[in-house]
Amino acid sequence: MGDLSEKIEQLRELLVGGGVKRAVIIPHISPDGDAIGSCGALSLMMDKLGIHNQIIICDHVPDYLQFLPKAKSVISNRTEPELCESYMMAADALFMMDHNNPDREGELQPLTEAFMGKKVMIDHHLEPSPVDITISDSGSPATCMLLFQVIKSIWGKEAITPDMANALYAGISTDTGNFNHAASDPELYRTVADLLEQGLNRDYVYSNIYQVASLDKLKLTGSVILNDLRIHPDYPVAIIPITLQELEQYNYKEGDLEGVVNIPLSIAAVKVSVMITERKDKVKLSMRSKGDIPVNLWCEKYFNGGGHKNASGGKMEIPFAEVVELVYGTVEEFFEGIR
Ligand code: 5GP
Ligand code: MN
């Protein structure tokens with residue numbers, strides 16, 4: 001935490017010294033539990049400090065995350081662009097949560113790049129693009145865990161309220177696949193213990209994330225595993241191409257494919273899982289890997305994306321069939337490149 005302690009001290013000075021009266025907090029596009037959890041917890045902390053703050057987002061908070069603290073008061077640039085802009089104009093600090101680059105902020109990117117106040121990043125992705133205060137730890141399993149450490153070192157863990165604990169735990173749980181990957185750091189469990197002591201309602205968070213599926217979601221999962229999943233003949237790669245038509249057949253709602261890309265990793269012979277999803281305006285890729293296979297490199301090189309070593313993604317604006325072909329066509333080069 002050497003370099004990190006210095007950055008955290010800078011953040012303390014910024015927030016405690018009265019330098020920030022109004023802040024905006026921004027998650028990444030297509031936000032997940034870690035993005036909304038970290039934004040919500042930070043927003044609650046700022047409320048305690050008397051700092052006026054607003055979470056703004058380029059798209060929207062998916063239904064399955066609406067139970068999280070502050071989720072319902074998030075303002076979207078899709079529906080209220082003028083309001084978003086006025087919050088940005090009035091703010092003296094901007095917080096980028098759970099992303100390493102403004103290019104993960106969709107249509108908000110031009111606004112944040114033109115922003116004149118202080119920029120703070122709290123994130124755990126590789127290769128952050130530096131801002132005024134870059135609090136980045138790619139070794140951390142979740143931004144929510146990093147944020148917990150930040151709050152603890154500035155204000156002490158006693159500052160964490162039960163709502164903040166719920167938000168932070170949601171991010172930690174979702175980013176580790178409920179403690180199944182990137183989950184070997186003892187500090188992770190100390191953090192959870194601290195959150196429980198601060199009033200975390202683990203059962204509430206668990207049931208709101210993992211026990212709220214629709215029948216359509218389950219049927220879609222069954223259908224893609226039965227009908228779409230293929231194993232590459234020469235490489236330990238599972239590929240799941242999912243068409244828009246299939247999504248519509250099961251009344252797809254955002255979040256309905258959450259976790260599906262992990263399922264093929266349960267096969268002994270599979271080391272990498274690639275899910276390719278056709279959307280109206282683009283094709284989305286999700287990759288997961290076991291052990292030392294850096295799928296972020298594959299996503300960066302061919303699929304306009306990136307992420308973590310074992311969990312990455314990308315997006316393409318070419319026809320679906322061509323993306324599927326590109327995955328097959330680049331498998332060999334990817335595996336040769338990492339040997
Ligand atoms: P998911 O597969 O859950 O959509 O994304 C897994 C991880 O990959 C995310 O946490 C994020 O770090 C990264 N990721 C997903 N999509 C993109 C993308 O389009 N661009 C970049 N740079 N990273 C992505
Ligand atoms: Mn994250």
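Guide: A polar contact is a pair of N or O atoms within 3.5 Å; within protein, one atom must be able to donate a hydrogen and the other to accept it, and residues adjacent in sequence count only if both atoms are side-chain atoms. The model is predicted, so local features need pLDDT of at least 70 and side-chain atom pairs count only at pLDDT 80 or more, while totals for chains, interfaces and linings use all residues. Side-chain values use heavy atoms, without hydrogens and water.

A polar side-chain atom of Lys-284 lies 3.3 Å from a nitrogen atom of ligand 1. For Arg-288, a polar side-chain atom lies 2.9 Å from an oxygen atom of ligand 1, and an N or O atom in the side chain of Lys-315 is 3.2 Å from an oxygen atom of the ligand. Taken alone, ligand 1 exposes 490 Å², of which the protein buries 81% (areas by the Shrake-Rupley method with a 1.4 Å probe).

The shell around ligand 1 has 15 residues, and His-125, Ser-286, Arg-288, Ser-312 and Gly-313 come nearest; a residue counts as near if one of its heavy atoms lies within 4 Å. At least two shell residues each come from strand E10 (283–289), strand E11 (306–307) and strand E12 (311–316), and E12 gives the largest share, 5 residues. Strands are DSSP runs of at least two residues, numbered from the N terminus. By type, the shell holds 1 nonpolar, 10 polar and 4 charged residues; Ala, Val, Leu, Ile, Met, Phe, Trp, Tyr, Cys and Pro count as nonpolar, Asp, Glu, Lys and Arg as charged, and the others, Gly among them, as polar.

Technical notes. Residues are numbered from 1 along each chain as its sequence is written. Chains are lettered from A and ligands numbered from 1 in the order in which they are written. Helices (H or I, at least four residues) and strands (E, at least two) are DSSP runs, numbered from the N terminus.
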